[in-house]
Amino acid sequence: NVSSGINAEYGGTLYCAKGNFEFGITRVIKSMEPYSKKLGMDTWHYAKRCFLGLIENLAKHMIMVRDVVVQDCVQFLEHAELYGKQVPCRIQPPLSTTAMHEGKNTVTFEARLLKALLIQVCDL
């Protein structure tokens, strides 16, 4: 059911916003399954915001998460790399004079960046 996935993702993002990253991230990850159907520009936008918040708080040593959660995050980002090759991250602004690089405007590109940051912050 698509609406239940959206509700789970929304709930997950709220938990992340309140600082409960461990539970929120797991909800966001579960809500994106199956990735081939639910990974889109909008869902990726909210998911990556949770991952960025998690990485920022880990880097500042404000939170700690269990190793299994970090492993789940890395696995999710690998799935996002795989399924996000044709999924754009942003829409080209209509009045923009410079074109976005096609390869950098994909979920795959951003998922790789997030995975690299997460690995660096967690010393994996």
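In which loop does P34 lie? P34 belongs to the loop between α2 and α3 (35-38), where helices (H or I, at least four residues) and strands (E, at least two) are DSSP runs numbered from the N terminus. The model is predicted: local features need pLDDT of at least 70, side-chain atom pairs count only at pLDDT 80 or more, and totals for chains, interfaces and linings use all residues. Residues are numbered from 1 along each chain as its sequence is written, and side-chain values use heavy atoms, with hydrogens and water left out.

**View A. Backbone features in two loops.** The peptide bond from E33 to P34 is cis, and its omega is near -10°. H61 is placed in the loop between α4 and α5. Phi of H61 is near 60°, a positive value in a residue other than glycine.

**View B. Packing of α2 and α5.** The axes of helix α2 (residues 21-31) and α5 cross at roughly 30° and come within 10 Å; axes are lines fitted to C-alpha atoms, for helices over the stretch in contact, and angles run from 0 to 180 degrees between N-to-C directions. The two helices, α2 and α5, are therefore roughly parallel to each other (angles under 35 degrees count as roughly parallel, over 145 as roughly antiparallel, 65 to 115 as roughly perpendicular and the rest as oblique). The crossing of α2 and α5 is left-handed, that is, the near helix is turned anticlockwise from the far one by less than a right angle, clockwise being right-handed. E22, I25 and I29 of α2 make the contact with V69, D72, C73 and F76 of α5 (contact means heavy atoms within 4.5 Å). By class, the contact of α2 with α5 has five nonpolar, no polar and two charged residues; Ala, Val, Leu, Ile, Met, Phe, Trp, Tyr, Cys and Pro count as nonpolar, Asp, Glu, Lys and Arg as charged, and the others, Gly among them, as polar.

**View C. Packing of α4 and α6.** Helix α4 (residues 41-59) packs with α6 at an angle of about 20°, their axes being 10 Å apart. α4 and α6 are therefore roughly parallel to each other, and their crossing is left-handed. From α4, W44, K48, F51, L52, I55, L58 and A59 meet V107, E110, A111, L114, L117, L118, V121 and C122 in α6. This contact of α4 with α6 comprises 13 nonpolar, no polar and two charged residues.

**View D. Packing of α4 and α5.** The axes of α4 and α5 cross at roughly 145° and come within 13 Å. The crossing of α4 past α5 is left-handed. W44, F51 and L54 of α4 make the contact with C73, F76, L77 and A80 of α5.

**View E. The largest pocket.** About 230 Å³ of space lies in the largest pocket. A pocket is an open set of points on a 1 Å grid over the protein atoms alone, where a 1.4 Å probe fits, with protein on both sides within 12 Å along at least five of seven lines; lining residues have an atom within 4 Å of a point. Grid points are joined across faces, edges and corners, and the volume is the space filled by probe spheres set on the points. The lining consists of L58, H61, I63, M64, V65, D67, V70, Q71, V121, C122 and L124. α5 (67-83) and α6 (107-122) are the elements that give two or more residues to this lining, and α5 gives the most, with three residues. The lining divides into eight nonpolar, two polar and one charged residue.
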